[in-house]
Amino acid sequence: MSKLKEILSKKIEDHRPRTTRLVKEFGKVKIDEVTIDQCIGGARDIRSLVTDISYLDPQEGIRFRGKTIPETFAALPKANGSKYPTVEAFWFFLLTGDVPTQKQVDDVAAEWKTRQVVPTYVFDAIRALPRDSHPMVMLSVALLTLQKDSKFAAFYGSGKFNKMTAWESVYEDASDIVARIPVIAAFIYNLKFRGDKQIAIDPKLDMGANFAHMIGQKEEYKDVARMYFILHSDHESGNVSAHATHLVHSALSDPYYAYSAGINGLAGPLHGLANQEVLDWTMQFQEKYCKGVEPTKELVTKALWDTLNAGQVIPGYGHAVLRKTDPRYMSQREFCLNTPGLKDDPLFKLVSMIFEVAPGVLTEHGKTKNPWPNVDAQSGVIQWYYGLKEWDFYTVLFGVGRALGCMANITWDRGLGYAIERPKSVTTAMLEKWAAEGGRKLS
Ligand code: AMX
């Protein structure tokens with residue numbers, strides 16, 4: 001058993017009595033109520049999911065294992081010669097809640113090296129797809145292709161399935177997925193956008209650095225990858241990708257089925273695809289409004305209103321939970337401001353101008369509950385600066401990061417034996433009846 005798995009085993013054992021006690025002794029204690037608004041409006045704000053891996057406060061933003069983004073970056077051991085932690089250190093932290101020692105990070109890195117080689121049949125399956133398939137389709141197919149070797153599925157089918165130890169095979173699949181997904185992503189990028197010029201894994205490098213190496217990027221991009229994957233990892237459990245993964249796994253579908261579902265949800269323009277949409281919007285803006293002229297706040301304001309008046313959303317702005325600027329946006333903005341070249345980049349300047357103008361326009365428009373930027377408003381600019389100009393790849397990068405949160409969560413889901421998810425639906429006539437009666441009569 002790996003060192004990390006041993007630690008996790010103890011953590012899960014220690015945690016189980018807390019969950020059991022809550023259900024047995026306090027199972028009927030009420031923590032929320034549901035309105036018709038919430039029922040029709042996407043179950044917004046209904047407290048009905050449990051995770052200890054991250055928590056999203058509407059004002060403050062995300063905390064990973066109780067730590068804000070700056071606290072997380074400060075606490076974790078750093079990559080060699082870098083201000084940023086390795087993804088390996090972050091994975092240990094997400095799974096256990098403990099800040100790892102350098103030795104523990106090295107153990108995770110060594111464990112990932114044994115897992116990261118992707119079988120050739122995965123590449124064959126990706127190659128068999130039409131080359132103009134969206135990169136997210138390729139990623140989802142790659143995950144499903146790996147399913148045949150799922151250790152969780154094998155354990156379930158072995159006749160020795162045991163609820164108490166089932167998490168161990170989820171851990172195996174989850175670790176395989178997080179170790180392999182950057183390699184698959186790099187393959188997709190090279191296949192689609194670099195004329196199939198593939199670069200072999202460099203086993204000396206940490207995950208972020210190896211990803212940069214495999215897509216032929218320069219030295220500085222190693223930190224971009226580390227930062228990007230960590231920032232996009234987890235956003236508590238209710239967002240579409242995390243929730244889809246949790247839901248599918250709750251049927252004891254293995255992690256490959258579950259994360260393929262998560263990836264499919266992430267591919268939606270209201271969720272992970274927004275990073276691609278932001279770049280698309282910005283490029284269209286430059287083409288339509290700035291022919292031969294510098295972008296100005298007036299031009300940006302006009303373009304924003306034209307988008308809203310056409311009934312479209314401003315990509316990269318708004319959030320279902322957050323009610324202030326996303327700290328993941330600020331973290332990436334800080335990276336841009338601290339990177340010579342990037343801070344004076346015309347696209348970064350334009351995105352900063354949108355940041356100055358859009359909240360006011362959206363407030364005046366009066367629909368969105370949160371006029372502030374989310375993570376996606378900033379992330380594409382950095383990729384673009386480093387030469388990743390093929391923006392339909394951006395959501396794949398999101399998917400590589402999000403794998404960390406989704407896989408950590410379902411490992412714990414199994415460890416704590418969470419039930420198959422099955423909310424109750426009602427009919428419109430029932431809602432109308434309860435509306436007329438001033439509420440459903442609860443016995
Ligand atoms: N531009 C224009 N209108 C917006 C808006 C935006 N950026 N954000 C929300 N609105 C509108 C909604 O469409 C809705 O209109 P409706 O009443 O006509 O349906 C109204 O404001 C109320 O919406 P809300 O309660 O503020 O937001 P929500 O929880 O329903 O949706 C989100 C949240 C993110 C889907 C939405 O803000 C949005 O579409 N943003 C743009 C896409 C985007 O950036 N997505 C990425 C989110 C982060 C992520 O998951 N990666």
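Modeller: Helices (H or I, at least four residues) and strands (E, at least two) are DSSP runs numbered from the N terminus. This is a predicted model, in which local features need pLDDT of at least 70 and side-chain atom pairs count only at pLDDT 80 or more, while totals for chains, interfaces and linings use all residues. Residues are numbered from 1 along each chain as its sequence is written, and side-chain values use heavy atoms, with hydrogens and water left out.

Colleague: How many helices and strands does the protein chain hold?

Modeller: The protein chain has 20 helices and two strands.

Colleague: How many of the residues of H18 are buried?

Modeller: Buried means under 20% relative accessible area, exposed means over 50%, and partly exposed lies in between (1.4 Å probe, protein chains only). In H18, nine of the 10 residues are buried, so the helix is largely enclosed by the rest of the structure. Among them are Asp 376, Gln 378, Ile 382 and Trp 384. Across the protein chain, buried residues make up 53% of the 443 residues.

Colleague: What covers the buried residues of H18?

Modeller: Contact means heavy atoms within 4.5 Å. The cover includes helix H11 (221-231), helix H14 (274-289), helix H16 (327-337), helix H17 (346-365) and H19. For the protein chain, of the contacts between residues at least 6 apart in sequence, 74% join residues at least 24 apart.

Colleague: How many aromatic pairs does the structure hold?

Modeller: Rings of Phe, Tyr and Trp (its six-membered ring) pair if their centres lie within 6.5 Å; planes under 30 degrees apart count as stacked, over 60 as edge-to-face and the rest as tilted. The structure holds 20 such pairs. In one of them, the rings of Phe 193 and Phe 393 have centres 6.4 Å apart and planes at 80 degrees, so the pair is edge-to-face. Phe 193 belongs to helix H9 (residues 166-193), whereas Phe 393 lies in the loop between helix H18 (376-385) and helix H19 (394-415), so that the pair links parts of the chain 200 residues apart.

Colleague: Are Phe 193 and Phe 393 buried or exposed?

Modeller: Phe 193 counts as partly exposed, at 23% relative accessibility, whereas Phe 393 is buried at 0%. Elsewhere, ring pairs join Phe 152, Phe 155, Tyr 156 and Phe 161 into a cluster.
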